[in-house]
Amino acid sequence: MDYTNLSYVAAAILFILGIKRLSSPKTARAGNSIASIGMLIAIVATVSSFGGLDYKLIAIGMVIGSLIGATFALRVEMTQMPQMVAIFNGFGGGASALVASAEFFSKYGTLEQSVFLNTTIILSVFIGTLTFTGSFIAFGKLQGFVSGQPIVFKGQQIINGIIIILLIGLGVYVTLGSEQGLNAFYLVIALSALIGITLTIPIGGADMPVVISLLNSYSGIAASATGFVLMNNGLIIAGALVGASGLILTSIMCKGMNRSLANVIFGAVGLN
């Protein structure tokens, strides 16, 4: 019997129950606890299903992460929650991009490299890196480190369009396993980081909560793509849940503001 996948199913059920309870302030704390138990089950199942792991490094990473998370949770004011969520979104996207990049470097030039693997890696790196830089710009706007006013400049749409076209071309080039794939992969990382910045700076600070919700969805999509890179069902399920719930929340917030998502994202550059 495949106990690992059964554990992932149990974790997914707890994630869904946790999200359901987050819909009310009265049950939100219980929902958070339920989802946390689900994540613990998924982590234990993943670690126990792989051999040759350095449990010391895993334990050190968990302790450091727990200390950082607890510090933020205890010291951050409720009015600063959007900023904290933005940072955590960024870390989530960055983690997905790093894991996918590590897999690319370990498989590069070997027979294990395939079109499917390269495609999922490129998607994970692109979305994860975009989420990382975009989230920290959102944090900066809300915290006052970056101007809360829309930052626009001449030819901004054209530059963004060129970056997207380059990313698509480079992604295809890497996916096909070309000889200069390593250099192209570095360019994908750099351009993904740049597009995350250029897509976020034109948005005003008042619209940042909506953008943060969207970036939260992106972090889930990046995690799900990384799950396909590693062929890990738990990561695929968890990422898909975060991606879907983030998109639903974004849609609800836009309706509450009586605006479309396109108006929020592209309003400052005249594309809505």
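## Fold and dimensions

From the N terminus on, the elements run α-α-α-α-α-α-α-α-α-α. The model is predicted. In total there are ten helices and zero strands.

The C-alpha trace spans about 60 × 55 × 30 Å along its principal axes. Among contacts between residues at least 6 apart in sequence, 73% join residues at least 24 apart.

## Surface and charge

Of the 272 residues, 36% count as buried. The accessible surface comes to about 14,900 Å², and carbon and sulfur atoms account for 72% of that area.

Charged side chains number 11 positive and 7 negative. The centres of these two sets lie 19 Å apart.

## Nonpolar cores

The largest nonpolar core has 29 residues. Those with the most contacts inside this core are Ile121, Val125, Leu167, Val174, Phe185, Val188 and Val211. Two or more residues each come from α4 (81–107), α5 (115–143), α6 (156–175), α7 (181–200) and α8 (208–230). The most is given by α5, with seven residues.

Val125 shows the packing around one of these core positions. Apart from neighbours within four places in sequence, Val125 is in contact with Ala97, Ala100, Ser101, Phe185, Val188, Ile189 and Ser192.

Key
Residues are numbered from 1 along each chain as its sequence is written. This is a predicted model: local features need pLDDT of at least 70, side-chain atom pairs count only at pLDDT 80 or more; totals for chains, interfaces and linings use all residues. Side-chain values use heavy atoms; hydrogens and water are left out. Helices (H or I, at least four residues) and strands (E, at least two) are DSSP runs, numbered from the N terminus. Buried means under 20% relative accessible area, exposed over 50%, partly exposed in between (1.4 Å probe, protein chains only). Contact means heavy atoms within 4.5 Å. Accessible areas come from the Shrake-Rupley method with a 1.4 Å probe; for residues, only the protein chains shown count as cover. Lys and Arg count as positive and Asp and Glu as negative; His and the chain ends are not counted. The place of a charge is taken as NZ of Lys, CZ of Arg, CG of Asp or CD of Glu. A nonpolar core is a set of buried Ala, Val, Leu, Ile, Met, Phe, Trp, Tyr and Cys residues joined through side-chain atoms within 4.5 Å.
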